[in-house]
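Please open the structure in a viewer and keep the selection panel at hand.

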Amino acid sequence: MTSLPKNNQSKTGKTGQPQGNQLFPVFLKLNQLHTVLIGAGNIGLEKLAAILQNSPEAKVTVIALTIIPEVYALAVEFEAVSIVQKSFTDTDLDEADIVVAATNNPELNDFIRQSARSRRLLVNIADKPDLCDFYLGSIVQKGDLKIAISTNGKSPTIAKRLKEVLKEALPDELDTTLQQMSRLRDTLGGDFAGKVKTLNEITSVLVSDRVTKDDNNSD
């Protein structure tokens with residue numbers, strides 16, 4: 001049986017509880033999944049905008065009794081988004097893959113969470129990190145390059161600031177380099193290990209240039 005590398009083992013504190021961010025980052029193909037968003041007020045609008053900004057073809061069903069005009073306006077721009085004006089019921093999750101609750105009703109949020117859990121669905125409860133199975137992180141995007149930032153639910157404000165820093169620091173031309181590397185990879189012969197070695201040698205300039213600049217800027 002293969003054992004885990006030692007440097008991948010979890011660190012524990014004096015209480016025996018894991019320390020640091022234990023979240024596992026993933027990138028979901030929301031265009032192939034069905035997201036059900038409950039709530040269509042300002043928080044619901046924020047969640048819907050975050051989803052569509054990153055996945056414009058995401059299939060989203062918005063369920064709410066009261067819907068602000070901005071949600072309707074946003075939904076019109078994306079054909080895979082549908083709005084159902086009604087009170088939430090347990091059966092609304094029958095065809096769901098991902099659930100996002102964005103209501104200001106704690107009892108309703110708890111009911112949504114229980115309904116999702118009974119179906120083994122991942123659920124995000126807005127502004128309630130302890131009740132979430134996943135978070136909607138801050139995203140930095142340069143074309144096909146996408147970087148997600150997580151503070152383990154501790155401080156969305158810090159995540160937002162880091163997003164601004166990375167967005168400014170990463171050049172837009174980086175996506176051009178990414179496309180060129182993709183085309184180069186397709187032309188390489190040999191086995192997988194050989195391709196990886198060649199690509200690593202080419203991209204090492206990205207690290208060495210950075211190290212040289214840092215050395216030149218230091219006293």
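**Stop one: a surface patch**

Select Phe24, Val26 and Leu28, which form a nonpolar patch on the surface with about 350 Å² of accessible area together. Accessible areas come from the Shrake-Rupley method with a 1.4 Å probe, and for residues only the protein chains shown count as cover.

The model is predicted: local features need pLDDT of at least 70 and side-chain atom pairs count only at pLDDT 80 or more, while totals for chains, interfaces and linings use all residues. Residues are numbered from 1 along each chain as its sequence is written, and side-chain values use heavy atoms, with hydrogens and water left out.

Helices (H or I, at least four residues) and strands (E, at least two) are DSSP runs, numbered from the N terminus. Val26 has a relative accessible area of 52% and is therefore exposed; the term requires over 50%, buried means under 20%, and partly exposed lies in between (1.4 Å probe, protein chains only).

**Stop two: Thr103**

Move to the loop between β4 (98-101) and α3 (106-118), where Thr103 lies. Thr103 counts as buried because its relative accessibility is 13%. Display its polar contacts (pairs of N or O atoms within 3.5 Å; within protein, one must be able to donate a hydrogen and the other to accept it, and residues adjacent in sequence count only if both atoms are side-chain atoms). The Thr103 side chain makes one with the side chain of Asn109 at 2.7 Å, and also reaches the backbone nitrogen of Asn105 at 3.2 Å. Beyond neighbours within four places in sequence, Thr103 is in contact (heavy atoms within 4.5 Å) with Ile38, Gly39, Leu108, Asn109 and Ile112.

**Stop three: the whole protein**

The protein has six helices and seven strands, in the order β-α-β-α-β-β-α-β-β-β-α-α-α along the sequence. Of its 219 residues, 27% are buried. Among contacts with a separation of 6 or more, 50% join residues 24 or more positions apart. Switch to a surface view: the protein exposes about 15300 Å², of which carbon and sulfur atoms supply 53%.

How values were computed:
Patches are made of residues with over 30% relative accessible area and no salt bridge: like charges are joined within 9 Å, nonpolar side chains (Val, Leu, Ile, Met, Phe, Trp, Tyr) within 5 Å. A salt bridge is a side-chain nitrogen of Lys or Arg within 4 Å of a carboxyl oxygen of Asp or Glu.
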